[in-house]
Amino acid sequence: MHLRALLLAAPAALLLIGCDTGSDDVSGPIDPPAAVNLNALVQDTTEAGLALYRARWNAQGVEDYRFDLLERCICLRHLYRYRVAVRDGRPVQMEVTREEEEVPIIEPRPPDTVEEIFALLQDAFDGDTTRVFVGYVPETGLPAALYIDYNVRIADEELDYTITAFEAD
């Protein structure tokens with residue numbers, strides 16, 4: 001769990017100070033992005049697949065986008081839903097709800113850029129992780145579903161995220 005906290009520390013600091021890069025007015029709610037077809041994802045559990053889809057994502061040069069992220073917390077049996085706006089590759093705004101009510105953003109924060117999701121996956125492959133499952137959007141390389149189990153002998157250290165909507169701006 002310490003690895004996740006370290007990965008999220010820098011973006012979390014940016015979010016704590018308002019996330020504003022100064023280039024965009026991000027006041028008000030974030031517009032909903034388009035839904036991701038989760039039935040069309042390509043499943044891959046390999047580091048070679050990660051490299052392939054990360055290269056596909058990077059080739060597009062997408063730096064301004066919005067996405068909805070669903071975080072499943074197995075230990076507390078609830079869902080967190082995040083809506084994130086990214087400009088110039090940096091998070092500028094995040095909204096969160098849990099079971100349809102607004103709640104403060106929990107710590108550690110979830111990944112708040114696609115690049116951070118790729119970094120989280122790479123760290124899982126680089127470490128002594130037990131299981132890594134990823135579902136990619138085949139055309140874009142977007143890692144839209146991921147499950148990481150760092151150790152099957154330890155309960156409640158798993159990460160389970162799904163990008164349910166994504167739209168480049």
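D169 and R87 form a salt bridge, with their closest N and O atoms 3.0 Å apart. The model is predicted. This pair joins distant parts of the chain: D169 lies in the segment after β8 (159-168), R87 lies in strand β3, and 82 residues separate them. D169 is partly exposed, with a relative accessible area of 49%. R87 has 15% relative accessibility, and buried means under 20%, so R87 counts as buried. The contact also belongs to a wider group. R66, R87, E167 and D169 are linked in a network of salt bridges.

Side chains of opposite charge can pair when their charged atoms come close. The structure holds seven salt bridges. One of them also uses strand β3. D68 forms a salt bridge with R83, and the closest N and O atoms are 2.6 Å apart. D68 sits in strand β2 (residues 65-73) and R83 in strand β3 (residues 78-87), 15 residues apart. D68 is buried, at 13% relative accessibility. R83 is partly exposed, with a relative accessible area of 22%.

The side chains of R54 and E115 meet in a salt bridge, at 2.3 Å from N to O. R54 belongs to helix α2 and E115 to helix α3 (residues 114-126), so this bridge links parts of the chain 61 residues apart. E115 is partly exposed, with a relative accessible area of 34%.

Next come the aromatic rings. The structure holds seven aromatic pairs. In one of them, the ring centres of Y53 and Y136 lie 4.3 Å apart and their planes meet at 15°. Planes under 30 degrees apart count as stacked, so this pair is stacked. Y53 comes from helix α2 (residues 47-60) and Y136 from strand β6 (residues 131-136), 83 residues apart.

A second stacked pair is formed by Y80 and Y82. Their ring centres are 6.3 Å apart, and their planes are at 25°. The centres must lie within 6.5 Å for rings to pair, so Y80 and Y82 qualify. Y80 is buried at 9% relative accessibility. Y82 is buried too, with a relative accessible area of 2%.

One aromatic group remains to be located. W57, Y65, F67 and F166 form one aromatic cluster.

Definitions and conventions
Residues are numbered from 1 along each chain as its sequence is written. This is a predicted model: local features need pLDDT of at least 70, side-chain atom pairs count only at pLDDT 80 or more; totals for chains, interfaces and linings use all residues. Side-chain values use heavy atoms; hydrogens and water are left out. Rings of Phe, Tyr and Trp (its six-membered ring) pair if their centres lie within 6.5 Å; planes under 30 degrees apart count as stacked, over 60 as edge-to-face and the rest as tilted. Helices (H or I, at least four residues) and strands (E, at least two) are DSSP runs, numbered from the N terminus. Buried means under 20% relative accessible area, exposed over 50%, partly exposed in between (1.4 Å probe, protein chains only). A salt bridge is a side-chain nitrogen of Lys or Arg within 4 Å of a carboxyl oxygen of Asp or Glu.
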